[in-house]
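Please keep the sequence and the structure in view while reading.

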Amino acid sequence: MPTLSLPIERIADASTAHLSPEDRVLLTRYIETEGADGLSCLAGPYGWLIYASSELRAAEHASPGLAAILAAARAQGCAYVLFDRDGLPVDGVQTFDF
């Protein structure tokens, strides 16, 4: 079998505690509208995988913390941010209790 050359993307990892209630609505709306509205993501039982280069129009509705994490991920060459319930908190970014 030939060796395939696959594209490789970097992923940042953060705690779901950084997602405000409004952020969670934004992410849920994307899933419920099958991508027509909200912020580009995949959802699972323990968190979300968000495309860090999502259109800023959708990201402008995100909390300052989510916007900062997405911007930092882009600046560090990451294509995605995994928000996992077991992810580590990011210093200097607000957290929310759930």
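**The nonpolar core and its surroundings**

The largest nonpolar core comprises 18 residues, and those with the most contacts inside it are Leu27, Leu39, Ile50, Leu66, Leu70, Val81 and Phe83. A nonpolar core is here a set of buried Ala, Val, Leu, Ile, Met, Phe, Trp, Tyr and Cys residues joined through side-chain atoms within 4.5 Å. Two or more residues each are given to this core by α1 (21–32), β3 (47–51), α3 (64–75) and β4 (78–84). The element that gives the most is α3, with four residues. Helices (H or I, at least four residues) and strands (E, at least two) are DSSP runs numbered from the N terminus.

The model is predicted: local features need pLDDT of at least 70, side-chain atom pairs count only at pLDDT 80 or more, and totals for chains, interfaces and linings use all residues. Residues are numbered from 1 along each chain as its sequence is written, and side-chain values use heavy atoms, with hydrogens and water left out.

The protein contains three helices and four strands, arranged from the N terminus in the order β-α-β-β-α-α-β. The C-alpha trace spans about 50 × 30 × 25 Å along its principal axes. For 98 residues, a compact globule would have a radius of gyration near 13 Å, and the 14 Å of the protein agrees with this. The radius is taken over C-alpha atoms, and the globule rule is 2.2 Å times the number of residues to the power 0.38.

Of the 98 residues, 34% count as buried; buried means under 20% relative accessible area, exposed over 50%, and partly exposed in between (1.4 Å probe, protein chains only). Among contacts with a separation of 6 or more, 67% join residues 24 or more positions apart, where contact means heavy atoms within 4.5 Å.

Individual residues show how these elements meet. Leu66, one of the core residues with the most contacts, lies in helix α3. Leu66 counts as buried because its relative accessibility is 0%. Leaving aside neighbours within four places in sequence, Leu66 is in contact with Leu19, Asp23, Leu39, Ile50 and Phe83.

Ser15 lies in strand β1 (residues 10–15) and, at 8% relative accessibility, counts as buried.

What does Gln94 contact, once its neighbours within four places in sequence are left aside? The residues in question are Ala17 and His18. Gln94 lies in the segment after β4 and counts as exposed, since its relative accessibility is 53%. The C-alpha atoms of Gln94 and Ala17 are separated by 8.3 Å, although the two residues are 77 residues apart along the chain. Between Leu66 and Gln94, which are 28 residues apart along the chain, the C-alpha separation is 9.1 Å.
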